[in-house]
Amino acid sequence: MPSSPSQTPLAAILAARIRERGPITFADYMAACLYHPEHGYYSRAESRRFADYYTSVDVHPIFGRLLARQLAEMWEGCGRPAKFAVVEAGAGVGRLAAHILDFAARALPEFYAALCYTAVEQSAARRAAQAAALSAHSAAGHGESSETLPAAIPVGCILSNELLDALPVHRVLRERGALREIYVGLNGDVFCEQVGPLSTSALDKYFAEQGIALLEGQQAEAGLAAAAWLEDAARRLGRGFLLTIDYGREARELYDERHLRGTLLAYTRHRAGEDFFAAPGEQDLTAHVNFTAFDLAAARAGCARAGLVSQFSFLLALGKANEFADLYDEGQTEAGHVRARLLLKTLIFSEGMGETFSVLIHTKDVANPSLTGLAPL
Ligand SMILES: C[S@@+](CC[C@H](N)C(=O)[O-])C[C@H]1O[C@@H](n2cnc3c(N)ncnc32)[C@H](O)[C@@H]1O
């Protein structure tokens, strides 16, 4: 469905740019929609957050508590260093950071003593909101906010939850046996798709190195930015882990005949649609991530895959050791316990988030780490 550029302030800016300089790649369009400094969907504070989407972090603190247990085990696997960095990228308002730090302080004191948590968030408005969530831990020297990844992370874990599916993607199409790119152009006053030559040879390389040949007429996304982000993050890590939580697939499933139009979706008010040009800057745009491409990117920076499991399997493996005792807060009533158990189901079972999301762990220079979250059930 076409959309008029006058719809939002960002639409007008993008339309002017296309009129002046010609069609732009979908990746440039998506980058502006999500990250334009003034009008980008993720540049603003979280005012519309629950109106459009929520993540596992918002369901119940058990998600962060079980992650804290996994992180503590990673610290053990690195030989219990005196300082262990946990760098959470795309940390939003710091909700997950607070859940992890609060739980570590309460239940994992030795790990907490070593823990240096950095919540990395590009949006200044969201970073400002982190101050309240992290204040006690910042004062104790265990937590800080940052706009960018630290230059070097000697030993630790780089963690992200639903960051990489929110990075811009290029869109391509196989036409007469060759890859072509889908650009964003203008038809009069209306945004439209325009097919043209590839904007970068990195697109051909991306598919070739994964052994992917699209079918004739098939459309697909290429997450060059997500792969580049992961490679850059992995290079900054001296020793330790990358823990990536997102919804996605291996390349062979992502680009198969069930995905002839790709996986890109626009979200507004919990409804998914394919009108990518509606209200630029006011709706979320997201595509499945490609775990195969992440392995190749991580390998270029000296990291190897330790495992890929569903969120269901990850949380169950970590929680079953103490029968999910971490679900409950001190002094909670029985009704509170029941509610907590119901929320856990949302996180774990397939009709909720359990089978939709996956957990991918890479290691760098850590011999045979024990990672309970990856253990078979
Ligand atoms: C979908 S939200 C997820 C937020 C949070 N992880 C959660 O689970 O609620 C993605 C977040 O990543 C941030 N982000 C995107 N690119 C980033 C980057 N390169 N560095 C840091 N933060 C980034 C966005 O501003 C946004 O807050």
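**Figure 1. Strand 1 and strand 7 pair in the antiparallel sense in this predicted model.** Two bridges join strand 1 (residues 24-25) to strand 7, strands being DSSP runs of E with at least two residues, numbered from the N terminus. Two strands count as paired if DSSP finds at least two bridges between them. Ile24 stands opposite Val184 in strand 7. Seven of the ten residues of strand 7 (residues 178-187) are buried, so this strand is largely enclosed by the rest of the structure. Buried denotes a relative accessible area under 20%, exposed one over 50% and partly exposed a value in between, with a 1.4 Å probe and protein chains only. Residues are numbered from 1 along each chain as its sequence is written, and side-chain values use heavy atoms, without hydrogens and water. Because the model is predicted, local features need pLDDT of at least 70 and side-chain atom pairs count only at pLDDT 80 or more, whereas totals for chains, interfaces and linings use all residues.

**Figure 2. Strand 6 pairs with strand 7 and with strand 9.** Four antiparallel bridges connect strand 6 (residues 170-175) to strand 7. Within this pairing, Val172 stands opposite Glu181, and Leu173 has Arg180 as its bridge partner. The hairpin of strand 6 and strand 7 has two residues between the strands, and Arg176 takes a positive phi near 45° there. Strand 9 (residues 219-222) runs antiparallel to strand 6 and is joined to it by four bridges. His170 stands opposite Ala222 of strand 9.

**Figure 3. Strand 7 and strand 8 form a hairpin.** Seven bridges link strand 7 to strand 8 (residues 190-196) in the antiparallel sense. Tyr183 stands opposite Gln194 in strand 8. Two residues lie between the strands, and Gly188 in the turn has a positive phi of about 65°.

**Figure 4. The ligand is surrounded by 16 residues.** The closest residues are Gly90, Glu121, Gln122, Arg126 and Asn161. By class, the shell divides into seven nonpolar, five polar and four charged residues. Here Ala, Val, Leu, Ile, Met, Phe, Trp, Tyr, Cys and Pro count as nonpolar, Asp, Glu, Lys and Arg as charged, and the others, Gly among them, as polar. A polar backbone atom of Gly90 is 2.7 Å from a nitrogen atom of the ligand. Oxygen atoms of the ligand lie 2.7 Å from a polar side-chain atom of Gln122 and 2.8 Å from one of Asn161. The protein covers 91% of the 600 Å² of accessible area that the ligand has on its own, as given by the Shrake-Rupley method with a 1.4 Å probe.

Figure 5. Helices are DSSP runs of H or I with at least four residues. In helix 12 (residues 291-300), Phe291, Ala293, Phe294, Ala297 and Ala298 are buried. Gly302, which follows helix 12, has a positive phi near 80°.

**Figure 6. Leu243 is placed in strand 10 (residues 237-246).** Leu243 is buried, with a relative accessible area of 0%. The C-alpha atoms of Leu243 and Ile158 are 6.1 Å apart in space, while 85 residues separate the two in sequence.

Key: Near = heavy atom within 4 Å. Polar contact = N/O pair within 3.5 Å; in protein donor to acceptor, adjacent residues only side chain to side chain.
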